[in-house]
Structures are given as C-alpha cells and as structure tokens.
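Visitor: Hi, could you walk me through this one? I'm new to reading structures.

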Amino acid sequence: MSVSIIADITTNALCPSKSTCSQAIYINGLQQMVVGICKMVVIPVLGQLADEYGRKPLLLLIVSTAIFPSAILAIDESKGFVYAYYVLRIISHIMSQGSIFCISAAYAADILDGRSRAAAFGWIHGILSLSHVLGNLLARLLPGTYIFEVSVALLIIAPVYMIIFLTETVKLTPNLNQHLRWSSKAYKLVQDRYSSMRYALHVVTSSSTLKCICLVSFFYDMGMSGISSVLMYYLKSAFDFNKNQFSEILMMVGVGSIITQMLVFPLVNPLVGERVVLRIALLASITYALLYGLAWASWVPYFGALFRMVYVLERPSTNAIVSKASSSSDQGKTQGLVAGAEAIGSFLAPLVMSPLTSWFLSSNAPFNCKGFSLICAAFALAMAFYFAWILPDAPSTQEENGESVEALLLA
C-alpha cells in the first residue's frame with residue numbers, strides 16, 4: 001500500500017513544493033546500498049538458521065519487522081519522522097527483503113516433491129502479486145492520510161496468522177550445548193555459523209548450475225534494483241506522475257502477474273522447463289528497461305508495464321532451478337546464498353543509479369535523456385540473460401552424498 005505514496009511523502013518532506021528532489025533520490029539509494037551490504041551476510045545466515053532451528057520462528061521474526069516503519073509514518077509525515085521511517089525501513093529490509101522468499105521456498109520444498117515445486121513457487125509469487133493488486137487498489141481509493149494506518153493493521157495480521165495456522169516442517173534436534181557457559185555458547189555459535197557457511201559455499205561452488213544461477217541473480221538484481229530505486233522519482237520528474245498513476249501501473253502489473261505466475265507458469269514450465277522460462281523473463285526485463293529509459297510520452301510507462309508481467313517469472317523459475325539442484329537438507333542454505341548474490345547486486349546498483357539519475361534529471365545533464373540510467377541498467381540485465389543462456393541442466397540431487405559431505409565439512 002505504501003509503495004505508490006512514499007515518493008510523494010519523501011519529496012514533500014525533504015523538498016517542499018518541488019517535483020524533483022535529489023535528496024529523496026540519494027536517501028533512497030543510501031537505504032538500498034546499506035540494505036544490500038547487510039543482506040550479503042544476513043540472508044545466507046537466516047537460510048542456515050531456518051534449516052537448523054525451523055522455518056516458523058524465522059518467518060515470524062522477519063515478517064514482524066515490517067510493522068514498525070509504517071507505524072512511524074502513521075503517526076506523522078514530517079521531515080524527522082521520514083528520516084526515522086527510513087532508518088526502521090533499512091532494518092526491516094535487511095531482515096525481510098529476500099529472506100521471506102528463500103525461507104518460504106524452503107518451506108514449500110519440505111512438503112512437496114521436485115515435480116510440484118515449480119508450480120508451488122509460481123503460486124507463492126502469484127499470491128504476492130494478488131496482495132500487490134489489493135494493496136494498490138486500497139492506496140488508490142483511500143485518502144493518503146489513512147494509508148499507513150490501514151497498512152499497519154494489515155501487517156499485524158501476518159504474524160498472527162502464522163502463529164495460529166503455520167505448521168513447523170523442520171524436525172529440531174535436541175540442544176546439547178544448554179549446560180555450557182555463556183562464553184562457550186558464544187564461541188560454539190560463531191563456530192557453527194562459520195562451519196555452516198563454509199558448507200553452504202561448498203554446495204554452491206561444487207555445482208555448475210548453482211554457480212551460474214548465482215551470476216544470473218547477481219546481474220538481474222543489479223539491474224532491477226537499480227531501476228526500482230529511482231523509477232518513481234524519474235516518472236515523477238519526467239511525466240509528473242503521482243500516487244494515482246503509480247497505483248494504476250502497479251495494479252495493472254499485479255493483475256497480469258497473477259495470471260502469468262499462477263496460471264501460465266505452471267502450464268508452460270512442464271513443457272519447456274525452468275531455463276527457457278527464465279530466458280524469456282530476462283528478455284522481457286531488458287525490453288522493460290529500454291522502454292522506460294527511452295519513454296517519450298506518458299503512455300509508454302503503461303505499455304512498458306506489460307513486459308513487467310512477464311519478467312516476474314524470473315523469481316519462481318530461479319527458485320525452481322535452485323531447489324532442483326539442492327538436496328532437501330540444503331534448501332534454506334542454497335536459497336539463502338542465491339539471495340545473498342542478489343543482495344550484492346542490489347548493494348552495487350544505487351552507487352551508480354542514484355547519482356546518474358540525479359544528474360540526468362537536473363538542468364546540468366550532458367544531453368536530454370532523463371531515463372539514461374535505466375538504459376544503463378539494461379546492460380546488467382543483458383549480462384544476466386547471457387549467463388541464463390549458458391546455464392547447464394540442474395543434475396538430480398544426491399541426498400546421501402550431500403549428507404556425507406556436510407558431515408565431513410562440519411567436522
């Protein structure tokens with residue numbers, strides 16, 4: 001709900017009476033950069049913890065962090081509260097951005113066989129798109145002053161629902177270290193995390209499929225995170241878009257994404273496979289970036305959004321490829337490491353996109369192309385397409401071999 005209005009709130013708080021606000025672009029880029037740095041470590045660790053301590057407690061923790069940023073703006077939208085919102089949003093995104101999906105994918109892998117997982121991943125992302133549509137519809141209908149109050153109420157429902165209905169799928173082993181001194185426990189915790197990370201890196205680097213999909217995810221997220229960090233500020237400056245236009249585009253994309261992820265992906269994937277779907281999605285993302293970067297009229301962003309309905313298939317197809325290339329005991333670790341590769345891309349993107357976008361939106365631009373930074377992001381997406389093109393088939397996982405290697409590395 002808050003996505004379509006946050007650009008207006010930030011711009012009004014930091015640069016009153018202006019349509020272009022370099023401060024808003026930079027603070028958004030700074031947030032994405034800090035989140036990207038921290039996610040490199042946090043997401044793989046959360047994936048490991050989900051394998052060892054269960055999916056439910058980790059999901060409860062990361063979902064609950066999303067409540068606090070919206071609660072701040074529900075109180076006040078002044079400059080100080082906007083800064084506080086971004087601080088809390090950074091903490092929330094470090095914990096939840098990416099990790100929700102990798103742990104949800106691991107949860108689905110726990111209860112489904114390999115043939116059913118791809119369809120399940122499509123449905124997970126399709127339901128997410130449905131929530132986007134409903135959220136943007138509410139943002140379109142509600143007055144701006146009520147959006148964050150309603151958002152907080154809806155965010156509280158998520159952890160309450162999980163407490164009541166979500167069943168744990170990981171069988172927990174007894175804690176053999178409960179009688180150790182706190183210093184010994186701390187040392188053992190660090191040692192366990194190091195050993196687990198070492199094993200997860202071994203799993204990924206020993207698989208040509210997982211290595212290649214990490215590169216795909218890195219370049220894809222570099223391009224798309226760069227675009228998403230500046231897109232609304234670019235559209236606001238170039239075409240004077242506001243909350244209503246943003247909501248319309250997001251609702252249109254959401255409806256299309258529901259169809260492609262929940263209906264088209266489960267039907268097409270068994271016929272052509274995850275790799276072909278991934279390549280089509282990446283081609284659509286390149287077209288999307290070029291159309292937005294070269295947009296010459298206010299209707300072009302609406303037309304470009306059609307390609308967004310296709311490139312959303314990158315996520316479920318990537319999840320399916322990673323799941324197929326991993327053993328059941330390593331789902332959280334491998335999904336977490338791939339999400340960590342995405343985090344590196346999302347950290348690097350704002351370093352280039354924020355100053356470049358601010359420069360080309362200003363009166364000092366070297367030539368008239370306000371969307372030049374989005375065109376540059378298309379090159380990163382082209383690199384993702386190259387690695388997807390050479391992506392090898394995912395071999396069937398060997399549970400016994402995986403368990404013996406893990407025992408050897410953790411010894």
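This is a predicted model: local features need pLDDT of at least 70, side-chain atom pairs count only at pLDDT 80 or more; totals for chains, interfaces and linings use all residues.

Visitor: Okay, how many helices and strands does the protein chain have?

Guide: There are 17 helices and zero strands.

Visitor: And what share of the residues is buried?

Guide: Of the 411 residues in the protein chain, 53% are buried. Another overall number concerns contacts with a separation of 6 or more: 84% of those are between residues 24 or more positions apart.

Visitor: Let's pick a helix. What's up with α12?

Guide: Helix α12 covers residues 274-293. In α12, 14 of the 20 residues are buried, so this helix is largely enclosed by the rest of the structure. From its first C-alpha to its last, α12 reaches 29 Å, close to the 28 Å expected at 1.5 Å a residue.

Visitor: How do α10 and α12 sit against each other?

Guide: Helix α10 is residues 208-239, and its axis comes within 11 Å of the α12 axis, crossing at roughly 30°. That makes α10 roughly parallel to α12, since angles under 35 degrees count that way. The crossing of the two is left-handed.

Visitor: Which residues in α10 and α12 meet?

Guide: On the α10 side you have Ile213, Val216, Tyr220, Met224, Ile227, Leu231, Tyr234 and Leu235. They meet Leu278, Leu282, Ser285, Tyr288, Ala289, Tyr292 and Gly293 in α12. By class, the contact of α10 with α12 has 13 nonpolar residues, two polar and no charged.

Visitor: Can we zoom in on one of those? Is tyrosine 288 buried or exposed?

Guide: Tyrosine 288, which is in helix α12, has a relative accessible area of 2%, so it counts as buried.

Visitor: What does tyrosine 288 touch, leaving out residues up to four places away in sequence?

Guide: Tyrosine 288 touches Met224, Ile227, Leu231, Gly304, Phe307, Arg308 and Tyr311. Here's another one to find in the viewer: leucine 374 is 86 residues from tyrosine 288 along the chain, and their C-alpha atoms are separated by 9.4 Å.

Visitor: Where do Gly304 and Tyr311 belong?

Guide: Both are among the buried residues of α13, along with Val300, Pro301, Ala305 and Met309. Helix α13 runs over residues 300-311, so that's twelve residues, and it reaches 17 Å between its first and last C-alpha, close to the expected 16 Å.

Visitor: And leucine 374, what helix has that as a buried residue?

Guide: That's α16, where Leu374 is buried together with Ser373, Ile375, Ala377, Ala378, Ala380, Leu381, Ala384, Phe385, Phe387 and Ala388. The buried residues of α16 pack against α10, α12 and α15.

Visitor: What span should α16 have, going by 1.5 Å a residue?

Guide: Helix α16 has 18 residues, 372-389, which should span 26 Å, and its end C-alpha atoms are 26 Å apart, so the two agree.

Visitor: Which residues make the contact of α10 and α14?

Guide: From α10 it's Thr209, Leu210, Ile213, Ser217, Tyr220 and Asp221, and from α14 it's Glu314, Arg315, Thr318, Ile321 and Val322. This contact of α10 with α14 has five nonpolar, three polar and three charged residues.

Visitor: New topic: how do α3 and α8 pack?

Guide: Helix α3 is residues 55-64 and helix α8 is residues 147-165; their angle is about 165° and their axes are 9 Å apart. They are therefore roughly antiparallel to each other, and their crossing is left-handed. Lys56, Leu59, Leu60, Val63 and Ser64 in α3 meet Ala158, Pro159, Met162 and Ile163 in α8. Sorted by class, the residues of that contact are seven nonpolar, one polar and one charged.

Visitor: Last one: is histidine 93 buried or exposed?

Guide: Histidine 93 has 17% relative accessibility, so it counts as buried, the cut-off being under 20%. You'll find histidine 93 in helix α5, residues 79-96. Leaving out residues up to four places away in sequence, histidine 93 touches Gln31, Val35 and Lys39.

Methods: Residues are numbered from 1 along each chain as its sequence is written. Side-chain values use heavy atoms; hydrogens and water are left out. Axes are lines fitted to C-alpha atoms, for helices over the stretch in contact, and angles run from 0 to 180 degrees between N-to-C directions. Helices (H or I, at least four residues) and strands (E, at least two) are DSSP runs, numbered from the N terminus. Angles under 35 degrees count as roughly parallel, over 145 as roughly antiparallel, 65 to 115 as roughly perpendicular and the rest as oblique. A crossing is left-handed if the near helix is turned anticlockwise from the far one by less than a right angle, and right-handed if clockwise. Contact means heavy atoms within 4.5 Å. Ala, Val, Leu, Ile, Met, Phe, Trp, Tyr, Cys and Pro count as nonpolar, Asp, Glu, Lys and Arg as charged, and the others, Gly among them, as polar. Buried means under 20% relative accessible area, exposed over 50%, partly exposed in between (1.4 Å probe, protein chains only).
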